[in-house]
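Here are a few friendly notes to read alongside the model. Keep the structure open and look for each spot as you go.

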Amino acid sequence: MHISSILRSSSHDKIHLIMTKRILPPKDRFQFPKNFVWGTATASAQIEGAAFEDGKCPSIWDTFARQPGKVAQGQNLDVACDHYHKFRSDFKLMKSLGIKNYRFSFSWCRLFPENNQTPNPKGVRFYRHLIEAMLENGITPWATMYHWDLPQYFQDQGGWLTRKMPEAFAPYVNFLVQTYGDLVKNWFTLNEVSCFIGGSYSPEGVQAPGLSKSPAEVNQATHYALLAHGYGVRAVREYGRKGSKVGMAENAHTFIPVLEDEDSIEAAREIYQIKNASMLGAMLRGGYDRYYQKLIPDRKERAQVEKGDFALMGEAVDFVGINIYTGGFVEKNSKGKAVEIPFPANYPRADSPWLRLNPRALYWGTRLAQDCYGAKAIHITENGFGYNDPDEVTGTYNDVHRKEYYRLYLEQAHRAIQDGVPLQGYFAWSFMDNFEWQDGYTRRFGMIHTDYKTLKRTPKLSAVWYSKVIHKNGLI
Ligand code: GAL
């Protein structure tokens with residue numbers, strides 16, 4: 001026999017030997033701490049539908065969606081996922097996947113459709129049934145007090161541009177905690193001030209109510225939203241049952257040191273504190289610090305502050321909730337200045353153009369909240385990936401793109417925990433495909449596919465995977 005064929009046959013035997021041995025899954029490399037909170041998130045306007053049923057008044061989004069050109073394909077929120085009627089089967093589905101924590105929001109329009117004084121019994125009953133159904137399915141409610149669906153009647157009086165808004169928010173949130181505090185222990189005040197003010201009142205504003213206001217007006221409106229947040233915290237302190245907890249769900253601007261060396265990290269700390277100074281920083285520090293002045297160098301554009309405002313916006317929270325989808329890279333340039341690095345045009349991203357692949361956002365987004373603001377408990381209140389996926393599916397829809405994003409990001413969440421970041425929970429956005437604001441139903445973020453013609457729900461691969469992650473309390 002020729003020498004080379006001997007080699008070939010012996011190596012073949014070796015391969016055979018290896019192949020017969022089972023390859024086991026990697027050992028617990030990404031195991032999460034005991035009691036880690038695994039959940040999913042949604043919001044009332046995006047899933048409920050029943051936009052004009054049982055007395056609900058129009059929200060600013062109902063109005064906005066009816067203005068030509070504001071929402072993709074002229075779509076509206078009238079039916080959405082019809083969760084209003086289907087919540088019982090939705091919670092059964094959630095239970096079947098092992099999801100035990102659910103972040104949802106209350107619709108102010110359903111609860112106070114005529115004015116801010118007279119609750120609508122049908123709306124009040126709806127949320128009681130909704131929460132009871134969660135609990136019956138072993139699902140812990142995490143309630144958001146306000147997720148963008150402002151009653152139109154408030155907008156007609158100036159909306160967040162006026163101080164009347166936080167003053168109206170106070171009795172609303174008191175009512176929420178008084179009415180549902182027997183069932184709900186975990187509260188989020190506001191969802192993403194930078195979107196419902198910055199993305200809605202500024203010249204770039206593409207969200208409801210779609211106004212184009214000056215920087216001074218935007219900063220003032222932001223200030224009013226922070227006061228509303230403070231009233232939300234106070235409501236839980238005053239009316240929440242023992243052990244109730246409250247925080248915000250803010251989409252902090254996240255910055256990632258492009259190199260994980262001291263210079264880049266220093267740059268990330270600096271830019272992070274400047275860019276978050278008017279929202280997350282203001283809430284956690286209870287005021288506007290020197291970073292706020294760097295962010296808004298023109299005095300005339302800064303918010304007018306009244307006595308007691310800082311104490312209100314800075315009410316101590318029990319946890320810091322942060323929505324993290326993406327982040328920007330930063331470095332120190334040759335002059336020692338902290339700078340953002342522009343993304344190349346072909347940098348990988350989801351179909352949502354703003355949603356660039358940046359898994360380390362989960363590491364640095366939580367780490368900087370701890371380092372800069374002393375956060376002692378952190379929840380990632382949203383994280384997900386939007387694609388223009390098919391309208392109809394049969395069987396499991398193989399959204400490996402979404403599933404791999406989740407996996408990469410969660411590896412970084414795990415890394416943060418290993419490094420001592422007090423990350424206690426993670427809420428995937430979103431439980432099911434839903435009304436994605438100005439993108440209507442064209443952009444899907446769900447782990448469950450929603451067929452908008454039949455309203456059929458079908459778990460995607462990402463849901464099957466997430467269910468296994470929850471079961472193992474670790475990544476697979
Ligand atoms: C967040 C928002 C959610 C959802 C998500 C995906 O900003 O809180 O409601 O739409 O983005 O874009």
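1. A residue counts as near a molecule if one of its heavy atoms lies within 4 Å of that molecule. Of the 13 residues around the ligand, the nearest are Q46, H147, N191, E192 and E436. Please keep in mind that this is a predicted model, where local features need pLDDT of at least 70, side-chain atom pairs count only at pLDDT 80 or more, and totals for chains, interfaces and linings use all residues. Residues are numbered from 1 along each chain as its sequence is written, and side-chain values use heavy atoms, with hydrogens and water left out.

2. What kinds of residue make up the shell around the ligand? By class there are 6 nonpolar, 4 polar and 3 charged residues. Here Ala, Val, Leu, Ile, Met, Phe, Trp, Tyr, Cys and Pro count as nonpolar, Asp, Glu, Lys and Arg as charged, and the others, Gly among them, as polar.

3. Now look at the side chains that approach oxygen atoms of the ligand. A polar side-chain atom of E436 is 2.5 Å from a ligand oxygen. For N191, an N or O atom of the side chain lies 2.8 Å from an oxygen of the ligand, and for E382 the corresponding distance is 2.9 Å. The protein buries 95% of the 310 Å² that the ligand exposes when taken alone (accessible areas by the Shrake-Rupley method with a 1.4 Å probe).

4. Next, the salt bridges: a side-chain nitrogen of Lys or Arg within 4 Å of a carboxyl oxygen of Asp or Glu. The whole structure has 27 of them. One pairs E315 with R234, with their closest N and O atoms 2.6 Å apart. E315 is in the loop between α14 (309–313) and β7 (319–323) and R234 in helix α10 (residues 215–239), so the pair ties together parts that are 81 residues apart in sequence. Helices (H or I, at least four residues) and strands (E, at least two) are DSSP runs, numbered from the N terminus.

5. Finally, some backbone details. Most residues other than glycine have a negative phi, and most peptide bonds are trans. W148, not a glycine, has a positive phi of about 85°. The peptide bond from A208 to P209 is cis, with omega near 5°.

How values were computed:
A polar contact is a pair of N or O atoms within 3.5 Å; within protein, one must be able to donate a hydrogen and the other to accept it, and residues adjacent in sequence count only if both atoms are side-chain atoms.
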